[in-house]
Amino acid sequence: MSTIRFSLVIPLIILIIGIQYSINQQSKSTLFDNIIIKSYSFENTEEDNMVIARSFKETSDRIHQFVNDEDLQGTEPESILKLRQSTKEKIHRSMEIISQALDEFEYSNISISFNGGKDCLVMLHLYMAVLNDRKLVSETHDDGSLKKMSSVYIYYEDTFEEIEEFNKETSKTYNLDLQVYSYCKLKVGFEKYLDDHRNIQAIIVGNRKTDPYSENLQAFQPTDNDWPSFVRVHPILDWTYQEIWFFLINLNVHYCKLYDYGYTSIGGISSTIPNQYLKKTDFELKNKDINRENLNWMIQLYQKNSQISPEYRFYTDEELEAHEHYPAFYLQNDDYERFSRQTKQKAQ
Ligand SMILES: *[C@@H]1O[C@H](CO)[C@@H](O)[C@H](O)[C@H]1NC(C)=O
């Protein structure tokens, strides 16, 4: 009797598991069906490789120079010295975390999440510096071609043309193998990306604690149960908005021009607007507690940079003048950063 029951139960269980599995597979494939995948990965020429190697080295040199530069004391306003000091400390800590990730995982098993925004741009530069220091930049495949940096950009809503352009350009300049997964939520996008790239074990992500759902994140964070399994590495959690801009302007980093049009946090087109706190006609009124000395110093540096690298500017002075808003780096209060978003970010 019990053997009969037993012999029935086993096939029944197998049948149930089988049905569940096929339902799972089906819902997974319908889930993935709407994703549009693009690749911004360019074939490099010999010359490209040389340019890339040089830009990695230059980035690394500039960051080390920034961190080690001690002779500016006395020539800068007190508040700038403070900002410089705290930015240095953040750089140091971030590079430590990235290094730790490279101790734990191989370069070929790490990817970075890159959406063209200011935060992940800082992160990308720090990553490049660490890669250069660890001599990983010149790693080649068996056929002699230069290894590209694995990276992924996942987005849900229609995105800005300017961001797309910037991402294409960045992929080329910095040798990214940027895979773009569009019109899907982050979780689904990561799931599909990891399904397509089985070698990836860790993804470096540019969240800061002030971002939605981010205040409790840790530098190394295995994903939650209902997420695809990988380690999220968060090297820039503690950076403030001001430090991000101090870094980008000081190191003369080429960023997406939308920031110069008064966007301070960029998401989808329908949910992103220029920040009202940067509106020129209201600026004085809305930023009464602004540190003028600080701002003037940054403006001077910004103007100097645009003379050094006019190619980074897509607009003329007149165009910038005609804009209703000041550039993003004018904002000093971290609490106002998200006023560039109309709705709460949903793509978690
Ligand atoms: C790491 O990446 C390499 C190259 O793609 C691959 O051969 C290897 O299996 C990966 N390691 C793991 C643990 O996934």
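Here are some friendly notes on the predicted model shown above.

1. **The chain as a whole.** This predicted model has a protein chain with 10 helices and seven strands. Taken along the principal axes, its C-alpha atoms fill a box of roughly 90 × 50 × 35 Å. Of the 348 residues in the chain, 49% are buried. The chain exposes about 18300 Å², and carbon and sulfur atoms supply 51% of that area. If you look at contacts between residues at least 6 apart in sequence, 80% of them join residues at least 24 apart.

2. Have a look at Val-9, Ile-13 and Ile-17, which form a nonpolar patch on the surface. Ile-13 belongs to helix H1, which covers residues 2-33. Its relative accessibility is 43%, so Ile-13 counts as partly exposed.

3. **Aromatic pairs.** The whole structure holds 21 aromatic pairs. One of them is Phe-160 with Tyr-263: the ring centres are 5.6 Å apart and the planes meet at 70 degrees, so this pair is edge-to-face. Phe-160 lies in the loop between strand S3 (149-155) and helix H5 (161-174), while Tyr-263 lies in the loop between helix H7 (241-250) and helix H8 (283-286), so the pair ties together parts that are 103 residues apart in sequence. Phe-160 is buried, at 8% relative accessible area, and Tyr-263 is buried as well, at 14%.

4. **An aromatic cluster, and charges over rings.** Phe-283, Tyr-302, Tyr-326, Phe-329 and Tyr-330 come together as one aromatic cluster. Elsewhere on your tour, two charged side chains deserve a look. Arg-232 places its charged end over the ring of Trp-227, 5.5 Å from the ring centre.

5. Side chains of opposite charge can pair when their charged atoms come close. There are 19 salt bridges in the whole structure. In one of them, Arg-84 pairs with Glu-76, with 2.6 Å between the closest N and O atoms; both of these residues are buried. Another salt bridge joins Glu-243 and Lys-90, at 2.9 Å from N to O. This pair links distant parts of the chain, with Glu-243 in helix H7 and Lys-90 in helix H3 (residues 78-104), 153 residues apart. Glu-243 has a relative accessibility of 4% and so counts as buried; Lys-90 is buried too, with 18%.

6. **A salt-bridge network.** Arg-208 and Asp-334 also meet through their side chains in a salt bridge, at 3.8 Å from N to O. Here again distant parts of the chain are linked: Arg-208 is in the loop between strand S5 (202-204) and strand S6 (220-222), and Asp-334 is in the segment after H10, 126 residues apart. Salt bridges that share partners join Lys-118, Asp-119, Arg-208, Asp-334 and Glu-337 into one network. Within this pair, is each residue buried or partly exposed? Arg-208 has 0% relative accessibility and so is buried, whereas Asp-334, at 22%, counts as partly exposed.

7. **Ser-309.** This residue sits in the loop between helix H9 (292-308) and helix H10 (317-322). With a relative accessibility of 7%, Ser-309 counts as buried. Its C-alpha atom is separated by 27 Å from that of Ser-340, which is 31 residues away along the chain.

Technical notes:
Residues are numbered from 1 along each chain as its sequence is written. Side-chain values use heavy atoms; hydrogens and water are left out. Patches are made of residues with over 30% relative accessible area and no salt bridge: like charges are joined within 9 Å, nonpolar side chains (Val, Leu, Ile, Met, Phe, Trp, Tyr) within 5 Å. Accessible areas come from the Shrake-Rupley method with a 1.4 Å probe; for residues, only the protein chains shown count as cover. A salt bridge is a side-chain nitrogen of Lys or Arg within 4 Å of a carboxyl oxygen of Asp or Glu. Helices (H or I, at least four residues) and strands (E, at least two) are DSSP runs, numbered from the N terminus. Buried means under 20% relative accessible area, exposed over 50%, partly exposed in between (1.4 Å probe, protein chains only). Rings of Phe, Tyr and Trp (its six-membered ring) pair if their centres lie within 6.5 Å; planes under 30 degrees apart count as stacked, over 60 as edge-to-face and the rest as tilted. A charge sits over a ring if NZ of Lys or CZ of Arg is within 6 Å of the ring centre and within 35 degrees of the ring normal. Contact means heavy atoms within 4.5 Å.
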